[in-house]
Protein chains: 2
Amino acid sequence: MAALINDTFLRALRREPVPYTPVWIMRQAGRYLPEYNATRKRAGSFLGLAKNPDYATEVTLQPLARFPLDAAILFSDILTVPDAMGLGLYFAEGEGPKFERPLRDEAAIRSLRVPEPRESLAYVLDAVKQIRGALAGKVPLIGFSGSPYTLACYMVEGGGSDDFRQIKTLLYSRPELLHHLLDINAQAVTAYLNAQIEAGAQAVMIFDTWGGSLPDAAYREFSLAYMQRVVAGLHARWQGEAVPSIVFTKGGGLWLEAIAAIGSTAVGLDWTVDIGEARSRIGERVALQGNLDPMVLFSPPPAIAGQVARVLDAYGHGSGHVFNLGHGVSQFTPPEHVAALVEAVHSLSRRHH
Amino acid sequence: MAALINDTFLRALRREPVPYTPVWIMRQAGRYLPEYNATRKRAGSFLGLAKNPDYATEVTLQPLARFPLDAAILFSDILTVPDAMGLGLYFAEGEGPKFERPLRDEAAIRSLRVPEPRESLAYVLDAVKQIRGALAGKVPLIGFSGSPYTLACYMVEGGGSDDFRQIKTLLYSRPELLHHLLDINAQAVTAYLNAQIEAGAQAVMIFDTWGGSLPDAAYREFSLAYMQRVVAGLHARWQGEAVPSIVFTKGGGLWLEAIAAIGSTAVGLDWTVDIGEARSRIGERVALQGNLDPMVLFSPPPAIAGQVARVLDAYGHGSGHVFNLGHGVSQFTPPEHVAALVEAVHSLSRRHH
């Protein structure tokens, strides 16, 4: 593997001195980019992209060709693990991810097995290897998965949900059965992220998209505890290099102290949290990633720079901050506004280092 | 007006001793009740119900006939004020509230006027008077409105939104124009709630459904500041009686200290917050209302009682707690599970008083 040319992202995660605040963007390879849409059209579908290492490599690199981002993130989906378990992931037009065979009864949950990533998720590992080669050390590559609880939400609901009625009925009525499902998911996510690390991922991120829909006690018991098990099972180092981990619970601002205690290198913040307050709460223990409101990118560039400055100033002086949005970039975002964001982060952050 | 027979709700809001924890349920008059659906069918539509004082009185009283609830809440909608401003509220089947004439440009915003509630909202005030008469002092009647920012969301988006792109584009690009809109809304909500109080509402609640979608600083500037202006303008007393106010920001758990400082009697909590932690943060300054996860009501009654006990125990000993869900009751809830909830709150809370 080529030596890393820009290691700002990894250094910021380790809270070591950096010349500027590194930035990458959740969903940076995505529908707001015309070149992504062109590749997707050639691939025929989202899954046609994600399951083909050539296409996955192509779209992973597209935003890096446009913007001086400080990290690449594997192009994939948070739901590859339940797909590998046989649930049949598909995307209905305009409806988000769905499963052909959601978990509808106890027998379906009891029959789940932990997939062997080198078999059923080989296409992801091949993509990781190919992307690492194509990056040639330009920036580090981030691997990722959905959190055990977030996977369970989709597996039980069969897709997205406004109220999470089915998974919460399971949670409140049959907690031991949900714990069984989460145990399987935690084992599967751990093996999957470790396989990504072995294939070349230089950092990993756990996306807990739906943990924030839970009451405080349930979040700790059903989401955070299983992310803790995943983090504890990850390769801390691989081939002599530390492998940082980032845990992101959307809507988790209430629980930052608890999240910071599970052993990950960094905590992702959504846009509702003041990053300065987050730093005073947990900044001595972890690095912070975030947290500009993605909707800021619909303002003119001077307003974008102003909001970027607010986030940078709220974090304050020193390392330990990886700039990002507080959620994925909207498909309607003008690409030139993403350019303005990256430029603003790089230029305005220098005075803080 | 008849003397109040059950004043437990008002006493709990004043943090005075009560024999048990009072309970009411957001959207307690609603689609989970067959008798509500029957009345709605007769009325022809949701707005046909809400705009007819006879029907509004009928459905307001329906849950009280079934369950020993400790308060009634006016049957109405949070969006009556912008409807009275001429935006044309309507409900598309299965899509939630929409406006025929959303605010699409600066001229539309500049031309808005504060409606006179005794003219364009007379149907609401008539309903309040009629409901007070029909209640005959059984329990207090709560009036309500959407918050200035939540109204603005619907007025600018034209309906619900996944990302609030239009209102946030206004917020980040033209903050002074959004402030103008919010100023109008705050004046209108204040006049409207005062008119409800004058018509007989014995407490008022401000529903800030969408303030929680904002970054910390924007929440304070664009949502909380305007609720503070509303609260400051409310009749603190009417006809010799104190009129308590409740402010509820869904997703506002991060900001409880700030919310508790705006002068309302009580703060509503969604289900993500631990109510014991909320009490230690702000319980010396305000009463708390909440906060059971509405999805608990899809479990069997013993599980419901167990989760009710968790909330009651987390709040702990003494007055100052009005039990409620952390969000509106789901239309799919079995009514007998609501009965189990009310029974559990009344019986299990006695040991805390």
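A: The model is predicted, with an ipTM of 0.96 and a pTM of 0.97. For chain A the average pLDDT is 97, and 100% of the residues score at least 70.

The sheet described here belongs to chain B. It is an open sheet of 7 strands with parallel pairing, and its order is β1-β4-β5-β8-β9-β10-β11. Two strands of chain B form the edges, β1 at residues 72-73 and β11 at residues 321-325, and each of them pairs on one side only.

At the β11 end of that order, the neighbour of β11(B) is β10(B). Strand β10 of chain B covers residues 287-292; it runs parallel to β11(B) and is joined to it by 5 bridges. Within this pairing, B:Leu288 has B:His321 of β11(B) as its bridge partner.

Helix α14 of chain B, residues 275-282, lies across β10 and β9 of chain B, the latter being residues 266-268. The helix runs at about 165° to β10(B).

As for the two chains, chain A superposes on chain B by a rotation of 180° with 0.0 Å of shift along the axis, at an RMSD of 0.0 Å. This is the relation of a two-fold axis. Both copies use the same surface, since 100% of the contact residues of chain A recur in chain B. Among the residues of chain A, A:Leu254 comes closest to the rotation axis, its C-alpha lying at 2.9 Å.

How values were computed. Residues are numbered from 1 along each chain as its sequence is written. Chains are lettered from A and ligands numbered from 1 in the order in which they are written. This is a predicted model: local features need pLDDT of at least 70, side-chain atom pairs count only at pLDDT 80 or more; totals for chains, interfaces and linings use all residues. Copies are superposed by least squares on the C-alpha atoms of residues with pLDDT of at least 70 in both. Two residues are in contact if their C-beta atoms, placed from the backbone, lie within 7 Å. pLDDT is the predictor's confidence in each residue, from 0 to 100. Two strands pair if DSSP finds at least two bridges between them. Helices (H or I, at least four residues) and strands (E, at least two) are DSSP runs, numbered from the N terminus. Axes are lines fitted to C-alpha atoms, for helices over the stretch in contact, and angles run from 0 to 180 degrees between N-to-C directions.
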